[in-house]
Amino acid sequence: MKLQLKGKVALITGATGGLGTACARELADEGASLFLTARTETSLAELTDRLQARGRGDVNCLPADLTMPDSASSVVDAATAAGGRLDILVNCAGASAGGLFWELPDSAWEDSMALKFMATVRMIRAVLPGMIERRYGRIVTLVGNTGREPDPRMLPGAAANAGLLAVTAGLAREVAGQGVVINAVNPGPTRTDRWEGMMESFAARSGKTPEEEEQRFLSAIPQKRLGTTGEIARLVAFLASDAAPHVTGRSITADGGAARAIL
Ligand SMILES: NC(=O)c1ccc[n+]([C@@H]2O[C@H](COP(=O)([O-])OP(=O)(O)OC[C@H]3O[C@@H](n4cnc5c(N)ncnc54)[C@H](OP(=O)(O)O)[C@@H]3O)[C@@H](O)[C@H]2O)c1
């Protein structure tokens, strides 16, 4: 896309997931140096080697469980030490259980808030002082339209998403005069391993097939297809660049036309 990210340093959480990997690849191809994090050391190391071999910016990583309160600052310290500074934060770590409201235990809600909401809050809090000091920062969080249009069977994620949209909009105003731009991307259903796992678990409960469960979502998407990780990653890279710095505090939806609200 020619976003001129050469020389920029980007930290990506949830980097080994479907969307995180696509974002890492896109930012690397645009020339950024990367610092990647997720829990599983082997997949993180493999991804780091793969992206380093593509031959653009430097790629480093640190495994961390971001539900641990001190992890965000450890990751940000390591990323800053490796890259000299941080220009971009992309928050992709997140996973929320779905299911019937009356069958979901407390842990489904607590886990969703601990990872998707609190880990993102801590990551943003940890990168902001450096960005404010240098009067430059781009923060993009993968959120999701269920924060605005909750699906009844995805409420733990919807609650975390609604909170993240509030943080994105409110915090962007706080730091708008200090060179820091904060936005969210709301993917509609996007084909990833996590998505397929979710359809399988819905199917196991309902007695339908995963394809029939997916059809329930496809029927609500005017384009009649799931999103691809590449198209979401290109949107993230655009918001992480200097292409449109007047866009801040917003969430951009890429969902094949599914959201009915005027966004
Ligand atoms: N895919 C979709 O259709 C879709 C739609 C809307 C919104 N989203 C949102 O987009 C984000 C990324 O989704 P995705 O589909 O790429 O998810 P994914 O494939 O499940 O990836 C999740 C990533 O987070 C990491 N992670 C999980 N638990 C963690 C923990 N405790 N600490 C640190 N890292 C952790 C995972 O690696 P480890 O397990 O190794 O830690 C992995 O790298 C999520 O917030 C999701 O809700 C996705």
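I took the domain bounds from an automatic or database domain assignment. The model is predicted, with local features needing pLDDT of at least 70 and side-chain atom pairs counting only at pLDDT 80 or more, while totals for chains, interfaces and linings use all residues. Residues are numbered from 1 along each chain as its sequence is written.

Domains. I find domain 1 at 9-189 + 228-254 and domain 2 at 191-226, with their C-alpha centres 24 Å apart. Their contact (C-beta atoms, placed from the backbone, within 7 Å) takes 10 residues from domain 1 and 11 residues from domain 2.

Strand β5. Helices (H or I, at least four residues) and strands (E, at least two) are DSSP runs, numbered from the N terminus. I counted a residue as buried if 20 or more other C-beta atoms lie within 10 Å of its own, as exposed if 12 or fewer, and as partly exposed in between, with C-beta atoms placed from the backbone. In β5 (residues 137-142), 6 of the 6 residues are buried, so the strand is largely enclosed by the rest of the structure. G137, I139 and T141 cover one side, and R138, V140 and L142 the other.

Pairing (at least two DSSP bridges between two strands). β5 runs parallel to β4 (residues 88-91) over 4 bridges, where I88 stands opposite R138. β5 is also parallel to β6 (residues 180-187), through 6 bridges, and there L142 stands opposite V185.

Core. I noted that L34 and V236 touch the most other members among the 64 residues of the largest nonpolar core, a set of buried Ala, Val, Leu, Ile, Met, Phe, Trp, Tyr and Cys residues joined through C-beta atoms within 7 Å.

Conventions. Contact = placed C-beta atoms within 7 Å.
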